[in-house]
Amino acid sequence: MDFQQSDYGGGNDGFYNTNYEQQSYGYDNSQQTQPYGGYDQSAYNQPYAPPPQPQVFSPNFSEPKANANNTGGGYTNFDDEPPLLEELGINFEHITLTTKSVLNPLHQTDASVMDDSDLAGPLVFCVAFGGFLLLSGKVHGFGYIYGVGVLGCLCMYAVLNLMSMTGVTLTCTISVLGYCLLPMVILSGLSVVFTLTGTLGTILTGVVILWCSFSASKLFVTVLAMDHQQPLVAYPCALLYGVFALLTVF
């Protein structure tokens with residue numbers, strides 16, 4: 001009996017068809033390109049890259065630092081920044097110059113001495129004045145200094161603006177009156193050790209009042225260019241410093 005390949009669906013050998021298993025079970029050997037387990041062997045052939053090392057912070061303040069406000073990656077050099085006291089408005093050179101003008105009222109004063117009307121010096125003098133009053137047993141000293149000082153500065157500000165053609169700012173008025181309080185601070189320091197209720201104390205108090213009022217009026221006249229009007233300016237200044245003298249003596 002002769003057997004044909006077509007009778008059994010065989011292939012080349014006459015027994016089975018090699019395409020039958022692939023067609024029956026959906027298995028295609030040609031699509032198995034990945035190695036066993038489904039992993040790509042080429043991923044293991046990459047060279048080993050070590051992890052990045054952490055950056056160590058070095059506190060070297062001389063180097064330029066990154067500017068947090070600059071999103072463009074710029075740098076700011078802190079060496080070019082102004083000093084802290086200058087940013088706060090404290091100028092020791094100006095304080096020294098104005099203090100010398102107050103302590104020596106007979107010396108010729110430049111008009112530019114009050115271009116920078118700072119309040120650091122007057123604040124220090126007022127605190128020192130209140131501290132000496134506190135050492136003398138006058139606990140109410142700070143309250144009177146604040147009340148009389150604010151009222152006196154406002155009154156002097158109004159009087160000077162009525163008398164002068166150019167006008168004056170309130171900060172300039174406070175600065176001049178505060179700096180010229182320095183002789184009164186010295187008097188309050190002496191009142192801690194000596195009594196000022198006697199004849200010598202009265203004379204010394206009168207001299208300090210004239211000293212403060214003369215220094216303040218000279219600065220006001222120089223800044224505002226008020227020629228031959230210094231006695232008119234010195235009178236209200238004397239009234240203000242007279243109240244401070246009463247606080248010191250009594």
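Which helix gives the most to the nonpolar patch? Helix H8 (residues 182-193) does, with four residues.

## Basis

This is a predicted model, in which local features need pLDDT of at least 70, side-chain atom pairs count only at pLDDT 80 or more, and totals for chains, interfaces and linings use all residues. Residues are numbered from 1 along each chain as its sequence is written, and side-chain values use heavy atoms, leaving out hydrogens and water.

## Overall fold

The protein chain has 10 helices and two strands. These are DSSP runs numbered from the N terminus: helices are H or I with at least four residues, strands E with at least two. Their order is α-α-β-β-α-α-α-α-α-α-α-α.

Of 250 residues, 30% are buried (under 20% relative accessible area; exposed is over 50%, partly exposed in between; 1.4 Å probe, protein chains only). Contacts are heavy atoms within 4.5 Å. Among those with a separation of 6 or more, 67% join residues 24 or more positions apart.

## Surface patch

The nonpolar patch consists of Leu 103, Leu 135, Ile 186, Leu 190, Val 192, Val 193, Phe 194 and Leu 204. Together they have about 720 Å² of accessible area (Shrake-Rupley method, 1.4 Å probe; for residues, only the protein chains shown count as cover). Leu 103 lies in helix H4 (residues 92-103). Its relative accessible area is 39%, so Leu 103 is partly exposed.

## A buried serine

Ser 215 sits in helix H9 (residues 199-224). Its relative accessibility is 1%, so Ser 215 counts as buried. Leaving aside residues up to four places away in sequence, Ser 215 touches Val 102, Pro 105 and Cys 180.

Note on methods: Patches are made of residues with over 30% relative accessible area and no salt bridge: like charges are joined within 9 Å, nonpolar side chains (Val, Leu, Ile, Met, Phe, Trp, Tyr) within 5 Å. A salt bridge is a side-chain nitrogen of Lys or Arg within 4 Å of a carboxyl oxygen of Asp or Glu.
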